[in-house]
Amino acid sequence: MGKLAITGGEALRKSPFPSWPASTEEEAQALEDVLTSTKWGGQPFPGKHSVAFAKKFAELHTVKYAQCVNTGTVAIQAALKAVGIQPGDEVIVPAYTWEGTVGPVLLVNAVPVFVDIDPETYCLDAKLVEKAITPKTKVILPVHLGMRFADMDEILRVAARHNLKVVEDCAHAHGGMWMGKGAGSMGDLGAFSFQSSKLITSGEGGAVVTNNLEYMERVQSYINAGRASVTDKYHHRIIGFNYRLGEFQAAVLGPQLDRLPAQSAIREKNMRHFEIRLQGTTGIGLLKPDPRITRLAPYGYVLKYFSEKAKEIPRASFVAALQLEGIPCDGLFYEPVYKSSLFPVDPADFPALSWGREKPLDLRKMYSCPESERAAYQEAVWFPHQNFLGSSEDTDTIADAIEKVLANIEELRGFDHKAIQNQKLGRADRES
Ligand SMILES: Cc1ncc(COP(=O)(O)O)c(C=O)c1O
């Protein structure tokens with residue numbers, strides 16, 4: 001029997017961290033209001049709760065307009081439609097992200113072009129973007145991942161030089177700011193998710209933000225079965241779909257938005273404490289801070305695990321050991337999308353992959369992004385934001401557990417456990 005919980009010792013932490021999502025009486029009242037109103041859907045468009053929330057959400061992100069939609073994936077799709085994406089256009093995406101960044105590109109019959117991440121931030125490497133541009137490139141789609149921002153200064157410069165549109169995937173960036181500008185406000189549009197793990201959640205949901213009225217009108221038509229937008233100044237008529245957010249979902253977003261600043265402040269304080277605790281710990285590295293991030297969006301906390309400095313014990317064993325110590329965390333949280341089992345892309349379904357080519361593009365085989373692969377398969381360790389919503393003593397237990405596992409890492413050599421096997425699989429392939 002070892003000292004580590006995974007090898008039979010006592011777990012360092014036995015009580016749970018704060019649970020997520022969390023609600024108060026305010027959400028209950030808002031739901032009651034919808035229930036008795038008889039206006040449950042997103043019709044008449046847009047619903048009362050949805051409009052009230054969107055107005056505040058836009059203010060927080062320094063944009064003129066925000067529109068709720070029913071998922072973050074749809075938010076990206078609607079944003080691409082708003083900038084006039086055409087079948088066969090190319091969209092530059094980071095390789096290391098959730099598959100939902102890339103699916104919408106294929107759904108509009110455009111072609112995703114994967115670019116590697118910056119190892120300092122795990123976000124799209126702006127220095128590599130220009131090399132990936134072709135005459136077909138229409139959009140750059142950076143993702144603000146892991147409490148960092150893609151380098152928006154450089155991305156906007158490249159986009160302006162090549163006359164490209166920019167859609168920001170802000171699924172991790174609620175309330176975040178870059179140089180005083182809100183996430184989603186710097187590109188042509190921003191897309192947010194309110195899926196249940198997010199900093200504000202309606203279970204499922206999303207929002208599109210923009211400063212451009214014409215884009216907002218297109219988004220509104222597209223998600224409302226092609227009907228005229230609220231303002232209809234530009235008279236766009238497009239085939240649309242029902243991607244509206246229901247009012248029950250919109251109702252629970254408002255109170256959470258009000259609580260977000262206070263919750264983010266708690267998370268940020270605890271995360272800073274965590275970093276001070278971990279500074280100089282052999283085997284652990286932190287993502288690089290960027291002074292241009294003027295307001296943090298404390299979603300998933302990501303650190304780097306260096307197995308070469310931890311007696312060559314692989315990340316799967318390290319993460320599984322932490323989990324058994326009572327610390328929720330994950331290693332293979334994201335994969336390079338082109339390698340993911342959730343990306344079984346068949347050219348027969350996406351005709352643009354074949355257009356003008358002798359053989360269709362094989363998106364699963366044509367890329368090798370070393371930094372994304374290192375982050376995905378060796379290095380990244382993700383901690384959910386609710387781990388940092390408690391006291392500084394709660395945060396101490398995360399750092400204590402990391403130190404405990406590192407101090408006893410030899411116990412993991414040659415050791416096997418179901419949790420380790422699970423960590424070798426992508427999230428979609430694990431037993432839950
Ligand atoms: C980076 C990223 N992009 C896009 C999405 C898609 O959002 P949704 O799950 O709401 O469709 C998510 C979230 O799940 C995400 O984390």
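Reply: Let's start with Phe114, which has a relative accessibility of 4% in this predicted model. Since the cut-off for buried is under 20%, Phe114 counts as buried.

How do the two rings meet? A pair of aromatic rings is described by the distance of the centres and the angle of the planes. For Phe114 and Tyr338, the centres are 5.6 Å apart and the planes stand at 65 degrees, so this pair is edge-to-face. The cut-off behind that name is an angle over 60 degrees.

Now look at where the two residues come from. Phe114 belongs to strand S3, which covers residues 111–115. Tyr338 lies in the loop between helix H9 (315–324) and helix H10 (370–379). The two residues are 224 residues apart, and their pair links distant parts of the chain.

Over the ring of Trp20 sits the charged end of Arg267, 5.2 Å from the ring centre. Lys309 lies over the face of Phe306, and here the distance to the ring centre is 5.1 Å.

From rings we can turn to the cysteines. How many disulfides does a search of the whole structure find? It finds 0. Take Cys68: the closest cysteine sulfur, in Cys170, is 15 Å from its own sulfur, which is too far for a bond. For scale, a disulfide needs the two sulfur atoms within 2.5 Å. Cys123 is in no disulfide either, and its nearest cysteine sulfur, again that of Cys170, is 11 Å away. Cys68 is buried, at 2% relative accessible area, and Cys123 is buried as well, at 1%.

To finish, step back to a pair of helices. Helix H3 (residues 72–82) packs with helix H7 (residues 213–223), their axes 8 Å apart and at an angle of about 125 degrees. H3 and H7 are therefore oblique to each other. As for handedness, H3 passes H7 in a right-handed crossing.

Key: Residues numbered from 1 in each chain as written. Predicted model: local features only at pLDDT ≥ 70, side-chain atom pairs only at ≥ 80, totals over all residues. Heavy atoms only, no water. Phe/Tyr/Trp six-rings, centres within 6.5 Å; stacked < 30°, edge-to-face > 60°. Helix = DSSP H or I, 4+ residues; strand = E, 2+ residues; numbered from the N terminus. Buried < 20%, exposed > 50% of the residue type's maximum accessible area, 1.4 Å probe, protein only. Lys NZ or Arg CZ within 6 Å of the ring centre and 35° of its normal. Axes fitted to C-alpha atoms, helices over the stretch in contact; angles between N-to-C directions. Parallel < 35°, antiparallel > 145°, perpendicular 65-115°, else oblique. Left-handed = near helix turned anticlockwise from the far one by under 90°.
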